[in-house]
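Me: I would like to go through this model with you by way of a few questions, taking one local feature at a time.

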Amino acid sequence: MIGTILSIERCSLHDGPGLRTTVFLKGCPLSCLWCHNPESQSFKPELFFLEEKCARCGACGDICKNHFFADSHTINRADCNACGKCAEVCHKSAIEIKGIKMKAHDVMDVVLKDACYYEHSGGGLTISGGEPLAQLDFTLSLLRMAKESGIHTCLETSGYMDTDKLLSLVPYVDLFLYDFKASNDDAHKRFTSVSQQLIMDNLFAIDKAGAKIILRCPIIPTCNDNAEHFYAIAGTANTLNNILEINIMPYHPMGSSKATRIGQEYLMPDIGFPADEQVNDWVNAIRRDTNIAVKIG
């Protein structure tokens, strides 16, 4: 089984309990305005250019006609197939290729390197994205191998998948980190490009199937930082039987620079990091309507 990997991050502390290895898969059917990893959206490999590292030595231009040097180093992305030859000759590591093919057992070899740390910390494997459900067979293969090795599993997902297929993963997922992005379908379509209906149906379906859930809620100033959405978060959580907690994920503008590095336009306004006081107000607004633990993710 072969999948397209964005990155593998060992010693992660923010993607589920304990010390974890997070496998980020590439490709996502959603297009969230605030996406902080825009390089994870496309299913194809992409050239990632860090201009601040570029020495303008011209080595990439010598090996590929799609690199130009005049007032700046520019790239003809329309004809770039992300072959990686330019990255191989860049001695400053200013060029990277995001998206590599890996076999599932090779990914698990990396995950198993830290098995002793999972045991002592209560950690394990987290599969994230992009959207891991978009590479369903590969994700299922990783989950099965992890369970066979006695490793705790988390799946971070938007829930945008055929319900029966999603339910097939439930026996292999110890904890779902499930996104809740908007309080109504119109807003969800506007912010993410897809309807919320299937996502909500799936949330209740996995809850009914006994899946453990942390509701992950990105809060984005100018988009969903409002009383209606906070009330909807609490109300939705209150209807779930197997929810462990609500995580508030404050906006950060990382996606802006990353979008530039893959030659895309970032569609969010320049709003910067929300202040700590503002984030605490969000948390308190949700806590008023639920007894479920609300934490900052």
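The questions and answers below concern a predicted model.

Me: Is strand 8 largely enclosed by the rest of the structure or left open, and how many of its residues are buried?
Reply: Strand 8 covers residues 124-128, and burial here requires a relative accessible area under 20%. Because every one of the five residues in strand 8 falls in that class, the strand is largely enclosed by the rest of the structure, and the number of buried residues is five of the five.

Me: Which residue of strand 9 is the bridge partner of L125?
Reply: Strand 8 pairs in the parallel sense with strand 2 (residues 20-25) over five bridges, and in that pairing L125 is the bridge partner of T21. Strand 8 also pairs in the parallel sense with strand 9 (residues 152-157), over four bridges. In strand 9, the bridge partner of L125 is T153.

Me: How far apart in sequence are the parts tied together by the pair of W34 and F191?
Reply: The search of the whole structure finds one aromatic pair. The ring centres of W34 and F191 are 5.6 Å apart with the planes at 55°, so the pair counts as tilted. Since W34 belongs to the loop between strand 2 and strand 3 while F191 belongs to helix 7, the pair ties together parts whose separation in sequence is 157 residues.

Note on methods: Residues are numbered from 1 along each chain as its sequence is written. This is a predicted model: local features need pLDDT of at least 70, side-chain atom pairs count only at pLDDT 80 or more; totals for chains, interfaces and linings use all residues. Side-chain values use heavy atoms; hydrogens and water are left out. Buried means under 20% relative accessible area, exposed over 50%, partly exposed in between (1.4 Å probe, protein chains only). Helices (H or I, at least four residues) and strands (E, at least two) are DSSP runs, numbered from the N terminus. Two strands pair if DSSP finds at least two bridges between them. Rings of Phe, Tyr and Trp (its six-membered ring) pair if their centres lie within 6.5 Å; planes under 30 degrees apart count as stacked, over 60 as edge-to-face and the rest as tilted.
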